[in-house]
Protein chains: 2
Amino acid sequence: MPTTVFLDVNETLLDLSALDPHFTAAFGDAQTRPKWFAELLQLALTHTVTGDYRDFSVLGEAALHALGQKLGQPVPADLPNQVRATMRQLPPHPDTHAALERLRGGGAALYALTNNPLPVVQAQLEHAGLGDLFTGVLSADTVQTLKPGRAAYLHGLQAAGADAADSWLVAAHGWDITGARAAGLRTAFVTRPGQAQNSLAPADVSGPLAEVAGTILAG
Amino acid sequence: MPTTVFLDVNETLLDLSALDPHFTAAFGDAQTRPKWFAELLQLALTHTVTGDYRDFSVLGEAALHALGQKLGQPVPADLPNQVRATMRQLPPHPDTHAALERLRGGGAALYALTNNPLPVVQAQLEHAGLGDLFTGVLSADTVQTLKPGRAAYLHGLQAAGADAADSWLVAAHGWDITGARAAGLRTAFVTRPGQAQNSLAPADVSGPLAEVAGTILAG
């Protein structure tokens with residue numbers, strides 16, 4: 001059976017810093033963009049804990065309002081639309097295309113596995129010129145359970161017809177690695193600036209995406 | 001039946017800014033303290049989603065390592081102990097004591113309900129001079145499920161012998177309000193600088209602690 005590789009999309013493959021100008025214009029500081037994404041994640045995790053599912057785009061807009069409240073600054077009326085539009089047009093990180101081609105060339109079956117709704121991730125991968133490299137594009141939205149919830153990874157395994165023990169989850173987020181480990185997958189943490197592993201649940205391997213791709217192919 | 005009021009402790013009653021000097025000494029910026037607490041919360045939520053329980057003090061130390069990795073700065077060897085010790089000696093916010101006395105004087109039964117392990121919260125409330133105001137001190141650690149997990153609130157209700165519909169959860173965190181709402185409690189969001197509600201699950205009432213106390217007593 002060929003190796004199956006599930007890849008997270010936001011930050012792991014695509015560069016969210018393309019959103020920075022909107023946040024700089026809105027709040028006067030590009031560092032509010034990673035703060036927004038952290039708020040988004042906090043809301044996603046909270047609603048996953050309570051079982052009150054909301055899609056990631058809805059949570060993204062709620063996170064803008066929480067950010068504005070925490071900063072004590074108004075949220076410009078056009079910011080939600082700007083963020084939603086730019087999220088579909090993020091550039092890939094410079095190392096993404098070559099690493100995916102290497103994995104695919106080495107015989108791995110590649111699946112995007114993301115919390116973004118399907119129409120968003122499909123637009124993202126097409127815009128980034130990555131769509132043809134994937135065997136399948138999957139969203140946690142399909143099973144109404146966001147990562148790191150177990151059902152999201154099981155959806156990936158079922159859709160790919162793969163066993164957890166023969167599959168990898170590749171992500172630049174410690175929380176995603178933690179969830180994939182708990183679901184029985186092998187895990188690879190991609191080092192990106194500003195990201196961190198969970199020291200209580202470290203990945204099987206970690207490093208730059210190119211290095212991780214080589215390790216996965218080496219078996 | 002008297003009104004039962006469950007109160008979150010960290011940030012809601014006690015001022016975490018007493019930790020700032022340790023973070024300034026370690027990372028050169030006091031704003032790394034709220035970043036640390038956000039990391040701690042992210043880890044707590046992630047482990048609650050995966051069902052891999054860790055106590056809040058263990059998660060707090062892991063969050064220091066994640067923060068250091070995200071900042072690209074080393075974590076001083078003595079920082080975990082400094083943070084752990086100072087967490088037990090936080091000052092109350094200036095409005096805390098009077099608001100709790102008002103609630104108690106109005107006939108409410110007060111329970112601390114926190115993610116901190118029991119020995120930590122007991123030390124915190126004693127140091128802050130608040131211990132005598134509470135009918136009971138409760139920790140999510142007792143049921144091995146952190147807030148906003150449902151079991152933490154149900155533990156509070158059971159220990160207090162209270163019905164959800166006659167009980168309030170008071171907190172300065174949107175995620176705590178979200179969890180308490182999902183468990184059926186009435187909810188009051190305390191406005192503190194740098195905190196925000198979840199616009200998808202707003203509290204029944206919100207405002208400064210003194211105002212919230214008056215609203216709760218008014219019924």
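In this predicted model, one salt bridge is found across the interface of domain 1 of chain A and domain 2 of chain A. A salt bridge also joins the side chains of Glu11(A) and Arg33(A), with 3.7 Å from N to O, which falls under the criterion because the nitrogen has to be within 4 Å of a carboxyl oxygen. The domain assignment gives residues 4–15 + 90–218 of chain A to domain 1 and residues 16–87 to domain 2. Between these two domains of chain A, the count of residue pairs in polar contact is four, with both residues at pLDDT 80 or more.

The interface itself brings 18 residues of domain 1 of chain A into contact with 18 residues of domain 2 of chain A. Together the two domains bury about 1,500 Å² between them, and 65% of this area lies on carbon and sulfur atoms, while their C-alpha centres are 22 Å apart.

Turning to chain B, one finds an open sheet of six strands in the order β3-β2-β1-β4-β5-β6, paired in parallel. Its edge strands, each pairing on one side only, are β3 (136–139) and β6 (205–207) of chain B, and from one strand to the next the twist averages 20°.

At the β6 end, β5 (residues 186–190) of chain B pairs with β6(B) over three bridges in the parallel sense, and Phe189(B) has Ser206(B) in β6(B) as its bridge partner. Helix α9 (residues 209–218) of chain B lies across β1 (4–7), β4 (167–171), β5 and β6 of that chain, and runs at about 150° to β6(B).

Definitions and conventions: Residues are numbered from 1 along each chain as its sequence is written. Chains are lettered from A and ligands numbered from 1 in the order in which they are written. This is a predicted model: local features need pLDDT of at least 70, side-chain atom pairs count only at pLDDT 80 or more; totals for chains, interfaces and linings use all residues. Side-chain values use heavy atoms; hydrogens and water are left out. Two strands pair if DSSP finds at least two bridges between them. Helices (H or I, at least four residues) and strands (E, at least two) are DSSP runs, numbered from the N terminus. Axes are lines fitted to C-alpha atoms, for helices over the stretch in contact, and angles run from 0 to 180 degrees between N-to-C directions. Contact means heavy atoms within 4.5 Å. Domain bounds come from an automatic or database domain assignment. Buried area is the accessible area (1.4 Å probe) that two parts lose on being put together, summed over both. A polar contact is a pair of N or O atoms within 3.5 Å; within protein, one must be able to donate a hydrogen and the other to accept it, and residues adjacent in sequence count only if both atoms are side-chain atoms.
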